[in-house]
Amino acid sequence: MKKIALFCVAVLAMVSCTTITKTAKTADMPASFYQATAADLEVAPERITYTMTPSAEVRRGGLDNVKRAAMQEALIKNGNADILVEPEFVISRQKRFILPPVITSVTVSGRPAKYKGFRSLNDSVWCNPIFRSGYKNDVKSSDGFRIF
């Protein structure tokens with residue numbers, strides 16, 4: 001009996017739970033790159049309204065995911081615009097006894113807009129220290145000089 005018990009303890013010790021930790025390394029980028037691009041935004045004068053009933057997959061992503069999905073469907077259904085300006089959301093929820101409430105519908109309204117006329121900013125504007133004051137660049141190049 002002792003041999004069987006000792007054998008069982010030895011087997012359990014060999015097949016016990018283990019934790020595996022894996023790490024990944026990233027490559028350091030020695031320089032940062034800035035490319036300033038500007039575009040005009042053409043905003044529609046009328047507001048659109050769209051009501052969506054989110055599926056279970058969309059609801060699993062949380063409230064922000066439901067809002068993004070509603071905006072995406074509203075833009076696709078109303079002229080395939082790029083962005084919704086001044087979005088407003090009305091969210092209907094169904095309360096449940098013990099479980100958290102379920103989002104049953106989302107109504108989004110806003111002005112659809114499209115980006116037009118992409119252009120690169122002029123070097124004289126981009127190199128202006130007042131314009132670039134909000135950008136912090138502490139990266140140094142391989143020769144030790146600062147990259148601007």
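Predicted model: local features only at pLDDT ≥ 70, side-chain atom pairs only at ≥ 80, totals over all residues.
Residues are numbered from 1 along each chain as its sequence is written, and side-chain values use heavy atoms, with hydrogens and water left out.

**Confidence and overall layout**

- The protein chain averages a pLDDT of 77, and 64% of the residues score at least 70.
- Among the elements of the chain, β2 has the highest mean pLDDT, at 94, whereas helix α4 (residues 123-126) has the lowest, at 57.
- The chain has 4 helices and 4 strands, arranged along the sequence in the pattern α-β-β-α-α-β-β-α; helices (H or I, at least four residues) and strands (E, at least two) are DSSP runs, numbered from the N terminus.
- Of the contacts in the chain between residues at least 6 apart in sequence, 66% join residues at least 24 apart.
- Buried residues make up 18% of the 148 residues, where buried means under 20% relative accessible area, exposed over 50%, and partly exposed in between (1.4 Å probe, protein chains only).
- The chain exposes about 12,100 Å², of which carbon and sulfur atoms supply 58%; accessible areas come from the Shrake-Rupley method with a 1.4 Å probe, and for residues only the protein chains shown count as cover.

**Helix α3**

- Helix α3 comprises 15 residues (63-77), which at 1.5 Å a residue should span 21 Å, and its end C-alpha atoms are 21 Å apart, in agreement with that value; the expected span is 1.5 Å times one less than the number of residues.
- The buried residues of α3 are Val 66, Ala 69, Ala 70, Ala 74 and Leu 75, and what covers them includes β2 (48-52), α2 (56-60), β3 (83-94) and β4.
- An α-helix has 3.6 residues a turn, so residues three or four places apart point the same way.
- After α3 comes Gly 79, whose phi is positive, near 95 degrees.

- Ser 105 lies in strand β4 and is buried at 16% relative accessibility; leaving aside neighbours within four places in sequence, its contacts include Thr 51, Met 52, Val 90 and Ile 91.
- Ser 109, also found in β4, is buried with a relative accessible area of 14%, and the residues that Ser 109 touches, not counting those up to four places away in sequence, include Ile 48, Thr 49, Glu 86 and Pro 87.

**Nonpolar surface patch**

- Leu 41, Val 43, Ile 83, Tyr 115 and Phe 118 form a nonpolar patch on the surface, with about 450 Å² of accessible area together.
- The elements that give two or more residues to this patch are β1 (37-43) and β4 (102-120).
- Patches are made of residues with over 30% relative accessible area and no salt bridge, with like charges joined within 9 Å and nonpolar side chains (Val, Leu, Ile, Met, Phe, Trp, Tyr) within 5 Å; a salt bridge is a side-chain nitrogen of Lys or Arg within 4 Å of a carboxyl oxygen of Asp or Glu.
- Val 43, placed in strand β1, counts as partly exposed because its relative accessibility is 38%.

Key
Contact = heavy atoms within 4.5 Å. pLDDT = per-residue confidence, 0-100.
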